[in-house]
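Subject: Structure handover

Hello,

Here is the structure I promised to pass on. Please open it alongside this note. My findings follow below it.

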Amino acid sequence: MALYLVRAIKLTNTIRTTTLLLRSSNTQTRNISHFLVSHNQLTPRSQNLTPFCSFDFLRDSRRGFAKGKKSKDDSGGSTMELAPDIGPSVKASAASQMDAAIVALSRELAKLRTGRASAGMLDHIIVETDGVKMQLNHLAVVSVIDSKTLSVNPYDPNTLKALESAIISSPFGLNPKVDGQRLIAPIPPLTKEHMQAMCKVVAKSSEDVKQSIRRARQKALDTIKKAGSSFPKDEAKRFEKEIDELTKKFVKSADELCKAKEKEITQG
């Protein structure tokens, strides 16, 4: 009997020891499994971190160059608009307007009488017919018969008298004669009074064209001024200097044209 009790006690102790060992093994297995799961969960995140950071960097860098309109300053804060360089186009426009004024002056001076017959010298004469005022070249064709004679051929013969009256009233000192359905206008030598009158016309034309040139200059400067802070001050000063030089150039051209015409008038 005693022998059976000793064997039962030993068996009970063995079972208890085995149970404890099994529990300890399960705990370690659970810890290792938890570690492996945690490692597997962390590994993809760390692997995915670099691509996302690289993408964000490229995306942020690309924004600074998008369409060439905005750029970030060094502080990484606000962005600023990049204004286009309007200087060359404004300067070209001013030069074109000034050149057009010089061309118009040349045409006007070509019309003035200098002692020799010129087909364009009567173009600017204003003729009133049927209550309407029109330039002579809209009502008749003027041609040169010789160096001292002009022929005026009206489109409408009914305007012949109005044309004759307008030519006589002009400052040219002409006395046209009716020749059938046209007018013959001899060009007399210029008198001192006529020379003075022509020179006054030249001076008036010179002043008008200079005003046109100055208006083109002011328009260009106003355009740059309206650009405001988007146009650097140094660039604005340089641009103003270039426009002033351009203005002087065209004013000088106008003076030279008018002086040459005055000489032509006074010397016949």
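Start with a charge and a ring: the charged end of Lys249 sits over the ring of Phe250, at 5.7 Å from the ring centre. Bear in mind that this is a predicted model.

**Helix packing**

Take α2 and α4 next. Helix α2 covers residues 87–110, and helix α4 covers residues 192–227. Their axes lie 9 Å apart, at an angle of about 170°. An angle over 145° counts as roughly antiparallel, so α2 is roughly antiparallel to α4.

Which classes of residue make up the contact of α2 with α4? It has 13 nonpolar, five polar and two charged residues. On the α2 side, the residues include Val90, Ala94, Met98, Ile102 and Leu109. On the α4 side, they include Val202, Val209, Ile213, Arg217, Lys219 and Ile224.

α4 also packs against helix α5, residues 233–267. The angle is again about 170°, with the axes 10 Å apart. That makes α4 roughly antiparallel to α5 as well. By class, this contact has 17 nonpolar, three polar and seven charged residues.

**The sheet**

Now the strands. Four of them form an open sheet in the order β5-β6-β8-β7, and the pairing is antiparallel.

Leu150 stands opposite Ala185 in β8. Ser151 stands opposite Ile184, also in β8.

On the other pairing, β7 and β8 are antiparallel over three bridges. Asp179 has Arg182 in β8 as its bridge partner. How many residues lie between β7 and β8 in their hairpin? Two, and Gly180 in that turn has a positive phi of about 70°.

Over to you.

Best wishes

Definitions and conventions
Residues are numbered from 1 along each chain as its sequence is written. This is a predicted model: local features need pLDDT of at least 70, side-chain atom pairs count only at pLDDT 80 or more; totals for chains, interfaces and linings use all residues. Side-chain values use heavy atoms; hydrogens and water are left out. A charge sits over a ring if NZ of Lys or CZ of Arg is within 6 Å of the ring centre and within 35 degrees of the ring normal. Axes are lines fitted to C-alpha atoms, for helices over the stretch in contact, and angles run from 0 to 180 degrees between N-to-C directions. Helices (H or I, at least four residues) and strands (E, at least two) are DSSP runs, numbered from the N terminus. Angles under 35 degrees count as roughly parallel, over 145 as roughly antiparallel, 65 to 115 as roughly perpendicular and the rest as oblique. Contact means heavy atoms within 4.5 Å. Ala, Val, Leu, Ile, Met, Phe, Trp, Tyr, Cys and Pro count as nonpolar, Asp, Glu, Lys and Arg as charged, and the others, Gly among them, as polar. Two strands pair if DSSP finds at least two bridges between them.
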